[in-house]
Every structure is written in C-alpha cells, then in structure tokens.
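Student: I would like to go through this structure with you. Can we test each term against its definition?

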Amino acid sequence: MIELKNISKRFGRLQVLDNVNTTFREGECIALLGPNGCGKTTMIKTILGMVVPDSGQILFNGQKVNNDWKYRSQIGYMPQIGRYPENMTIAHIIEMMKDIRKEGGVVPDDELIKRFGLDTMMDKKMRTLSGGTTQKVSAALAFMFKPSVLILDEPTAGLDPVSSETLKERIIREKDKGKLILITSHILSELDDMVTKVIYMNEGNFLFERPLAELKEITGEEKLSRAVAKIMGNKSIGRPSNQMQPV
Amino acid sequence: MKKILKYVIVDIIQNKIVVIYTALLLLISLSVFNLESSAAKGMASLLNLILLVVPLVCVIFSTIYVYNSSEFTELLVSQPLKRKTIWLSLFGGLATSLSLAFLIGVGVPVMLYHADPTGLVLILSGLFLTVVFVSIAFLAVGWTRDKAKGIGWAIALWLFFALIFDALVLFLLFQFQDYPLENAMVVMSFFNPIDLSRVQILLQMDISALMGYTGAVFREFFGSTTGILISFFGLLIWIVIPLLFSLRSFKRKDM
Amino acid sequence: MKTLRIVLGIVIALIGVQNPLVAGKVYVGKGHPVKTIQQGINNAQPGDTVLVEKGVYKENEIKLNKAIYLKGISFPVIDGGKKGNVMEIHAKGAVLEGFRIINSGQSEMHDLAGVLLVDSYGVTIKNNQFDNNTYSILTQHSRNCTIKDNEIRAYANNEVLFGNGVHCWRSDSMYIIGNNISGHRDGIYFEFVTNSLVWRNISRKNIRYGLHFMFSNNDTYIANVFEKNESGVAVMYTNNVNMYNNYFNDNWGGAAFGILLKDISDGEISGNYFGHNTTALDIEGCNRLKIFKNKFVNNGYAIKISASTLDNEITRNNFISNTFDVATNGTLVANSFTGNYWDKYEGYDLNKDGRGDIPYRPISLYSTIIESNPASLMLFRSIIVSLLDKTEKLLPGITPENLKDEKPYMKPLPL
C-alpha cells in the first residue's frame with residue numbers, strides 16, 4: 001500500500017534517513033522502534049509529505065506522491081506533539097478539519113470525541129488544554145475520517161491509563177478492519193496486543209524488519225520488549241532480516 | 001483555498017494588533033485632516049504615513065504572524081491540501097485583513113475629505129504597498145526558520161526600501177550628475193515599491209511643477225494613463241515575485 | 001500712502017478736466033443723421049461730446065485726433081472686422097468711454113490693437129469692453145494718459161500671433177487703474193515706461209505674464225491681482241520699482257513664478273501676498289531691494305535667490321506652508337534675511353522677547369541638491385531627504401553658512 005524507495009534525507013550534516021526501502025501493506029500493524037533521533041518521526045513525516053526527501057520516492061497505492069496531495073485524505077495522522085493554532089477552540093479545529101476533508105464524503109466518526117469526554121469542553125481554546133487533552137484531540141482527529149492508513153506517532157504518550165486503553169482498543173479494532181497502521185512508541189508493552197510487524201531503526205537505517213511472530217519465534221520470548229532487547233543483544237539475528245524483505 | 005482563507009481572515013481580524021493598527025490609522029488620518037489647514041496639506045502628511053508606517057507595520061506583523069502560525073501550517077500540511085493552497089491562503093488572509101484595516105483607517109477618511117483622483121491614487125498606492133509588504137514579509141519568512149532572524153530580515157528589507165535604496169539613488173545621482181538622469185530615474189523608481197508609490201502620488205498632487213524639466217519627464221510618464229497603468233503593474237510585479245519565491249521555498253520546507 | 005494720495009489727486013483732476021457739460025453734443029447712430037463714429041468725430045469740435053447710440057458699428061481705423069468726449073450709450077459695438085486697428089487715438093485730452101471694441105486685425109508684421117494711442121497727452125480710456133483684439137490697448141509715445149476700469153478679454157493661444165492686454169511703449173506718467181484683463185499674451189506690458197501707476201487691476205489667465213515690464217523706471221504697482229497666468233509676473237532691467245499690496249496667486253506650472261525679478265534695483269516690495277505659486281519670488285541679479293511685510297503661503301519655493309543678487313533686505317515677512325522657503329544656486333549670499341516669521345522654525349525663545357534665540361536656516365539641503373542635480377526630484381519627500389535636511393540644519397556643511405535669520409519671529413507677524 002505504501003512503498004518507500006531509496007528514501008534519503010539529511011538535516012544539515014545529520015543523515016536522518018539513509019536509503020530507506022520498505023513496503024507497508026493493508027492489514028499490517030507496524031511498530032516503528034528505535035532510539036531517540038533515529039529517524040522514526042522523519043520517516044513518518046516523509047510519508048505524509050511534511051518532510052521533503054532529498055532523494056527517493058514514495059508510492060501510495062502504486063502512485064508516486066511527490067507532488068500529489070490527495071492521497072493524504074486516506075491517512076489519519078496523530079503527531080507526537082500536536083501543535084494547534086492557540087486561539088482556536090476544539091470545536092473550531094474539528095469544524096475546520098471537517099471542512100477540509102469533507103470531500104471524501106465520509107460521515108465523521110465522533111466516537112473518540114465522546115469517549116475522551118471532549119464533547120463537554122468544545123469551547124475551550126487550544127492553548128488552555130493540557131498536553132494529554134491535546135493528544136486526545138489529535139487522536140480523535142486522526143480517526144475521525146475513517147482513513148485507510150493510520151499513522152500514530154507516540155499515541156499514548158501523555159494519555160491517562162483509561163484513555164490509553166480506549167485508544168488501544170480502537171487501534172486494534174481498526175487493525176481488524178484490515179487497515180494499515182503505523183505506530184511508533186517507546187512503551188513496547190502496550191504494542192504486544194496489536195503489532196504484526198516490527199521495524200527497528202537506528203541512525204536512519206532499518207536495523208531489522210520482521211513480523212512479530214517470527215521475532216518471537218527466533219528469540220523465544222513472548223513479550224515484544226524482551227524480544228527486542230534480546231535481538232539487540234545479538235546483532236547476528238537482526239542483521240539478515242535487513243536484506244531479507246522482498247520489495 | 002476559500003475555506004482556509006476564511007479561517008485565516010477570521011483569526012487575523014480578531015487579532016488585537018490589527019484592531020489597534022486600524023484604530024491608529026483612523027486616528028492619524030482624521031486628526032491630520034482636522035488639524036492641517038487644508039485637505040491638500042492633510043494629504044501630504046498622510047503620504048508620510050503611507051510610505052513609512054504602512055510598510056513597516058505590514059512587514060513586521062505579517063512576518064510574526066506567519067511564524068506564529070507554524071502550528072497551523074503544520075497541521076494543514078499533514079492534511080489533504082496542496083502546500084500552495086495553504087501558503088496562498090495565509091498570504092491572502094493577511095493581505096485581505098491588512099488591506100481592510102488600511103481601507104477603514106485611511107481609505108474612509110480620504111474619501112470623506114479628499115474624494116478626487118489624487119485621493120484615489122493615494123488609497124490605491126497604500127493598498128498596493130500593504131500587499132507588497134505582506135509579500136516581502138513572506139519572502140523573509142522563506143529565508144529562515146528562526147523567528148528572530150526572520151523578523152530581522154523583514155525589518156532589514158523595510159529599511160532597505162524605505163531608506164537605503166534612496167540613499168543609493170542619491171549617491172548614484174551625484175556620481176553621474178553630468179549625465180541626463182531623468183529617464184534613468186523613472187526606471188530606478190520601479191526598483192523600489194515605496195518610491196514608485198511616492199512618485200505616483202506626488203505627481204497626482206501636481207508637485208512636478210516645482211521641478212522643472214525632471215518634473216516634466218516624470219509627469220509625461222507617470223501622468224499619462226499608460227504610465228499610471230504601468231506603474232500599478234510594476235507594483236503588482238512587486239507582489240507576485242516575492243510571493244513566488246517564498247512559495248518555492250515553502251514547497252521545499254520540512255515541517 | 002503719500003504717493004497714493006498724490007496720484008489719486010492727479011487722476012481725479014484729469015477726469016475733471018474732461019467734463020463735457022459745457023460743450024456741444026454730436027449724436028451718432030440709429031435715429032440720427034450721423035451713422036458712423038468716424039463721421040461723428042469729424043463733425044465734432046474740440047470740447048464737444050460725441051454720443052454713440054447702441055448698435056453695431058463695423059468700422060476700423062477710426063481716427064480720434066481731437067480733444068472730444070467720445071461716449072457710447074449702452075456699449076455700442078465697434079467691430080474692426082479683423083482688419084487693422086479698430087481705433088487710433090492721436091490727441092490731447094480726448095476721452096473714450098462706454099464702447100465695446102472687438103476684432104482688431106492680426107498680423108505678424110504690425111502690432112494691431114483695439115485702441116492704438118500714439119503721441120497723445122492726457123487721454124482717458126475708461127469703462128470700455130475689449131474683446132478678441134490682438135492688442136487691446138497699445139500706447140506709444142504718450143504721456144499722462146489714463147486707462148481705467150476697462151474689461152479686457154482675448155483668446156490667445158500662441159505667443160507669436162497674439163499681443164498684450166495693455167501694452168505701453170515709450171510712455172510716461174500712465175495710469176493703469178481697475179482694469180480686468182484676461183486671455184492675452186501678457187496682461188500688462190511696459191517697455192520704457194516711466195513714472196507710472198498700475199493700481200487695482202486684475203490680470204489673470206494670460207498665456208504668458210500677468211505683468212511684464214522692462215526698462216521702466218520709477219513705476220509703482222499697487223493692489224493688483226495677478227493670478228493663474230501661465231508664467232506669473234516678470235519684470236526686468238528696471239530701477240526704482242515699488243510694489244505694494246499686490247496679490248500673486250496660483251501661478252503654477254513648470255516655468256511659473258509669482259514674480260520674477262531680474263536686474264531690478266532700488267525698490268520696495270511690501271504688503272504683497274504670494275499664494276500657491278511654483279516659485280513665489282525669483283530674484284536674479286537684483287540689488288538694494290527692500291522686501292518686507294509680505295506673506296508667502298503655500299508656494300513651492302517662497303524665494304529663489306541667485307548668487308549674483310546683492311544687498312537686498314528681506315525682513316518682517318511671513319513664510320507659511322511653503323515647500324521650500326529659500327533656495328539659492330550659490331554658496332555666498334550677501335543679503336539679509338533677519339527678522340521674518342518662518343513656520344518651519346523649531347527654535348525656542350527663552351527670554352520671551354518674541355524672537356527666536358537660535359538662527360533659522362531657511363535653505364534646506366535638499367533644495368540645494370535639487371538646484372545642482374534636478375533629477376533628484378525622484379527623492380522628493382522621501383525619508384532619506386528629511387533625515388539629510390535635519391542633519392544639515394544641525395551641522396550646516398553644504399548650504400550657505402551665512403544665509404540665516406538671526407532673529408526669527410516666534411509667531412506670524414500681523415500683516
């Protein structure tokens with residue numbers, strides 16, 4: 001569904017993405033892991049067209065997206081830190097987003113708004129919201145237009161446990177509908193129930209890219225966190241996978 | 001395009017600084033017309049306002065506004081929207097609201113006290129200068145991600161057009177004073193939107209009579225309908241070119 | 001005022017001399033045997049009154065050569081039919097009154113006029129209407145003549161073919177009073193005219209000068225209005241000119257001035273009002289003029305003074321709302337500018353004597369720049385220019401150091 005071909009990007013002297021190649025398919029739920037500054041967010045932003053790659057191509061359903069923009073109507077994006085115009089209220093933001101995306105003809109899905117309790121604070125301005133509430137708004141917006149691809153950058157960071165669960169539950173439901181989901185997270189434990197594939201990035205490269213089942217099998221661990229830890233301890237297991245994925 | 005524009009305009013019109021700017025313009029215009037002994041003198045005083053204050057406020061406010069809307073643009077860029085649409089909407093929003101502020105603050109008083117072709121040219125030039133300096137602000141924003149540097153650039157550009165350019169012209173005039181420079185001066189004025197507006201307004205005020213032959217050359221060019229059209233076209237170029245450059249850098253910008 | 005009173009006395013006396021009450025009468029026109037004005041004049045004896053009835057008289061080259069009182073009733077029209085002079089006066093003590101004189105000839109060889117006054121003495125031309133004549137009134141070698149209360153109008157469109165409203169050449173003691181002149185080349189033109197008075201005339205919308213004289217010494221100009229003439233007023237090569245209480249208004253254009261004084265010496269220019277002229281007063285090569293109690297308002301340049309101008313005294317004038325107060329092409333100006341009111345003065349008056357404590361420098365740097373480099377017009381009213389002017393005012397470097405008003409008034413003088 002989404003294909004990255006030889007994507008490279010530098011910020012100044014820092015090579016953030018170094019010739020990245022991969023393919024994401026429908027029904028996959030991919031965990032994008034790696035240390036801070038390894039290029040996860042940049043890769044996500046590249047897919048979204050927010051960062052323009054220095055070289056390489058991104059194909060969305062086989063179409064190049066370099067200068068296209070319509071494909072983004074099929075993506076729901078939840079940024080790591082949602083930054084919104086400070087003077088707009090939640091209602092304004094939602095109304096504006098509906099305005100922008102109404103061409104898809106989808107009926108907006110208000111489920112998360114209600115479950116996060118946002119509907120009771122619609123008139124609050126964005127600058128008055130706590131970090132967690134802002135994240136809730138981001139999450140609600142990402143799911144609102146029933147996109148076929150969900151890109152979630154640290155979705156549960158800053159969310160309270162209940163909301164966190166609500167969101168996870170929703171992610172799993174979307175996965176079961178056969179949507180492509182891309183998640184980055186530092187809290188590996190919460191990814192256990194949903195992930196089908198794990199990508200570990202370091203310094204702009206994929207250190208490994210394997211289906212979760214395979215990973216568990218190789219490491220013999222049941223928990224994702226332990227599996228990752230183990231594989232990082234033993235690079236020889238990780239390495240072949242770097243080249244093994246057919247494109 | 002339209003829907004984003006709407007949000008931008010609504011946001012700017014609520015902005016306190018724009019309200020203060022409008023009130024200030026209105027206050028100055030009205031007091032100028034009431035205090036000066038004649039409406040013509042009022043116009044002359046307004047000229048300074050238009051050539052100095054309007055570009056400065058427009059360039060600084062627009063620069064700060066664009067930097068402060070980085071969240072907004074970031075949000076929009078991840079949405080199914082063309083970057084061009086987003087950028088032009090921001091531009092359109094700023095240009096529209098600041099023009100509106102100018103129209104209320106200066107346009108209305110001028111129409112009340114001096115409704116004639118001179119007044120009209122004054123208003124038109126002011127509107128053009130407003131939009132030109134919004135465009136120049138966008139150019140400055142395109143040059144750097146750093147807000148402080150961007151504002152610095154914006155002020156530097158304003159300073160260049162308001163002051164330094166003229167100083168250079170004066171320098172050239174004395175370097176080449178043995179040559180007939182009248183026609184060259186007409187051309188030079190096209191390289192600075194402030195000069196272009198100033199010359200145009202002054203000729204409407206019939207100041208050219210003061211200046212003998214040079215005045216005649218200027219008058220012949222800027223006084224004719226073609227000349228007026230060409231000089232407004234020149235101002236239009238001053239809007240389009242910086243905007244295109246800024247659009248190019250915005251298209252490549254990483255959020 | 002003394003001069004004025006004397007002059008008035010003379011004028012009244014002159015008119016009195018021509019009192020027709022005691023003389024015989026000749027009637028011309030409808031209902032009378034005499035049908036032409038010329039015939040009427042021929043029939044009259046000196047001292048007689050010739051009364052012309054209302055009507056149109058297509059006559060030209062009418063010769064008036066005796067001391068009669070030729071009077072039109074309800075403005076009979078004398079139509080010169082575009083040939084020659086309409087009337088030629090060569091007389092002593094004749095009076096022409098109450099006619100409408102139109103359509104003199106036009107020629108490139110001769111100066112043709114509505115009324116030509118030659119070698120005359122004590123002639124009065126009053127209360128006539130002149131319309132569409134090349135020259136309206138043209139005097140040569142005449143003395144002690146009065147041209148009074150005439151309405152003079154023409155439709156000149158080029159300076160070569162058209163002439164002047166009142167044109168005096170080699171005349172003396174002429175009294176040009178209360179005429180209303182427009183549409184000629186020059187409104188009033190004097191060449192070699194001496195000891196004359198120009199009083200209460202209105203000269204406007206002429207295509208060259210409202211008033212133009214040269215080599216005309218000892219003349220006085222009082223309470224005239226010169227406005228909207230293409231080039232204003234130009235006076236040259238003359239001594240002892242006095243100009244009081246005249247209005248010079250709206251002479252606006254590339255080469256226009258309120259008044260151009262060129263090689264004028266010894267005179268007084270006082271009580272005049274200069275409003276909205278490109279250059280109100282342009283002084284070139286003039287000496288020992290006293291310019292006082294004038295008002296300069298809303299002009300482009302109030303005074304332009306050339307370097308060759310010496311010993312003029314400019315004092316007790318009001319300078320208000322002029323773009324430039326004084327401009328000069330030289331660096332050393334030997335004229336006095338002390339004791340005027342300048343609205344641009346920014347000084348202070350600590351001792352409260354009504355006079356500023358620091359000198360005012362009426363020359364702006366920019367006006368000096370424009371003098372030497374006209375193309376710098378492009379920078380007119382730009383910020384750089386205001387900055388330069390402010391700096392120059394504090395530390396004069398380029399503008400003439402000694403051109404300053406040591407004791408400027410703080411408030412406008414009551415003029």
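Tutor: Start with a crossing: that of helix 3 of chain B and helix 7 of chain B is right-handed. Keep in mind that the model is predicted, with local features needing pLDDT of at least 70, side-chain atom pairs counting only at pLDDT 80 or more, and totals for chains, interfaces and linings using all residues. Residues are numbered from 1 along each chain as its sequence is written, while chains are lettered from A and ligands numbered from 1 in the order in which they are written.

Student: Why are helix 3 of chain B and helix 7 of chain B called roughly antiparallel?

Tutor: Look at the angle. The axes of helix 3 (residues 39-68) and helix 7 (residues 147-175) of chain B cross at roughly 160° and come within 9 Å. Axes are lines fitted to C-alpha atoms, for helices over the stretch in contact, and angles run from 0 to 180 degrees between N-to-C directions. Angles over 145 degrees count as roughly antiparallel, under 35 as roughly parallel, 65 to 115 as roughly perpendicular and the rest as oblique. Therefore helix 3 and helix 7 of chain B are roughly antiparallel.

Student: Which residues of helix 3 and helix 7 of chain B make the contact?

Tutor: Helix 3 of chain B gives B:L52 and B:P55, among others, and helix 7 of chain B gives residues including B:W158 and B:F161. Residues are in contact if their C-beta atoms, placed from the backbone, lie within 7 Å. By class, this contact of helix 3 with helix 7 of chain B has 14 nonpolar, 2 polar and 1 charged residues. Ala, Val, Leu, Ile, Met, Phe, Trp, Tyr, Cys and Pro count as nonpolar, Asp, Glu, Lys and Arg as charged, and the others, Gly among them, as polar.

Student: How many helices and strands does chain B have?

Tutor: Chain B has 11 helices and 0 strands. Both are DSSP runs numbered from the N terminus: helices are H or I with at least four residues, strands E with at least two.

Student: How do you know that the radius of gyration of chain B agrees with a compact globule?

Tutor: The rule is 2.2 Å times the number of residues to the power 0.38, and the radius is taken over C-alpha atoms. With 255 residues, a compact globule would have a radius near 18 Å; chain B has 19 Å, so the value agrees. The C-alpha trace of chain B spans about 60 × 45 × 30 Å along its principal axes.

Student: Which pair of chains shares the most contacts?

Tutor: Chains B and C do, of the 2 pairs in contact. There, 32 residues of chain B touch 20 residues of chain C. Helix 7 of chain B brings the largest share of the side of chain B that touches chain C, 8 residues.

Student: How far apart are the closest C-alpha atoms of chain A and chain C?

Tutor: They lie 38 Å apart, and no contact joins chain A and chain C.

Note on methods: Left-handed = near helix turned anticlockwise from the far one by under 90°.
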